[in-house]
Amino acid sequence: MGLIGLTGHLMKLTIHRLGVRFPQPRGGEVEVLRGIELGVPAGELVVLLGASGCGKSTLLNAIAGFSPPTEGEIRVDRRHVTGPGPDRGVVLQTDALYPWLNARDNVGFGLRLRSIPLKERRKRAEEALALVGLAGKGDHATWQLSGGQRQRVSLARALVADPEILLMDEPLGALDALTREQMQDLVLEVWRRTGKTILFVTHSLDEALYLGSRIVVLAGPPGRIVFDEPVPFARKALETGSKIKSLPEFSTARERLRAVIFTGVTP
Ligand SMILES: Nc1ncnc2c1ncn2[C@@H]1O[C@H](COP(=O)(O)OP(=O)(O)OP(=O)(O)O)[C@@H](O)[C@H]1O
Ligand SMILES: [Mg+2]
């Protein structure tokens, strides 16, 4: 996969021949990812699906720069990923908010590390909180927030540095069903308003079909891509909302995707 996609656009994210192996506690190593090729144009929302243990988090961690690949390369635009950077924002399943900081200071924390002055930090943190529907909640302690609100703060924290790519690893997995649906609409809204390139891991087929402009399925071990197709629903959902989930085309796509995940073969 080159830097230029089939449509002639420069890729925002390029992964070429990525392989990851981890040493085993009793010697030897385990191959977790093999030969991953992925090109993601700017503004795409790619959902990653696959059975537990197939390497989704390992792939996201490699893109985030948290763990270096054993083989191959990862680039954002033309730049090689060699470690974490402000061009990539990360949201995990469990929010890792600092309990001694209020919502606003949690959001602004990364900016503090980059020596941005207090006034500017607060302003940008408030803007990010407003973007995730938490305007006016900046003074709240983290323990005064619901699970859904805490994930909104995590999303605001990832957005505040204006990253080019958002990496989201099962960000809604710990939420109750109703909050999860609201948060799915929030993710779509943030995607529409910011035009960010997003990689989003989930175990929910409905969530994948509802949010993704493209779905990539991994199978393993070792983890490799067995399915990679565009999906029409997310762009339609921006106009019509969640009722799209009850369309017959949605059910058909869900059953097809289920078959891919369980058999690794595209029907
Ligand atoms: N740091 C590590 N050292 C050794 N093995 C690891 C390490 N990180 C992950 N693994 C192994 O790599 C495999 C893939 O793990 P990973 O967390 O990427 O899976 P996943 O697809 O995200 O699963 P889940 O859906 O359960 O979150 C697992 O077998 C796991 O034990
Ligand atoms: Mg995982």
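The model is predicted, and local features need pLDDT of at least 70. Residues are numbered from 1 along each chain as its sequence is written.

The chain holds eight helices and 10 strands, taken as DSSP runs (helices H or I, at least four residues; strands E, at least two) and numbered from the N terminus. Its radius of gyration over C-alpha atoms is 19 Å, close to the 18 Å given for 267 residues by the globule rule, so the chain is as compact as a globular protein of that length; the rule is 2.2 Å times the number of residues to the power 0.38. Of the 267 residues, 48% are buried (under 20% relative accessible area; exposed means over 50%).

Helix H8 comprises 16 residues, 248-263, which should span 22 Å at 1.5 Å a residue; the end C-alpha atoms are 23 Å apart, which agrees. The expected span is 1.5 Å times one less than the number of residues. Phe-250, Arg-254, Leu-257 and Val-260 are the buried residues of H8. These residues cover an arc of only 125° around the axis, which puts them on the same side of H8; the arc is that of the directions from the helix axis to the C-beta atoms. The face turned away from this buried side carries the exposed residues Pro-248, Thr-252, Phe-262 and Thr-263. Gly-264, with a positive phi near 75°, follows H8.

Terms used. Chains are lettered from A and ligands numbered from 1 in the order in which they are written. This is a predicted model: local features need pLDDT of at least 70, side-chain atom pairs count only at pLDDT 80 or more; totals for chains, interfaces and linings use all residues. Side-chain values use heavy atoms; hydrogens and water are left out. Buried means under 20% relative accessible area, exposed over 50%, partly exposed in between (1.4 Å probe, protein chains only).
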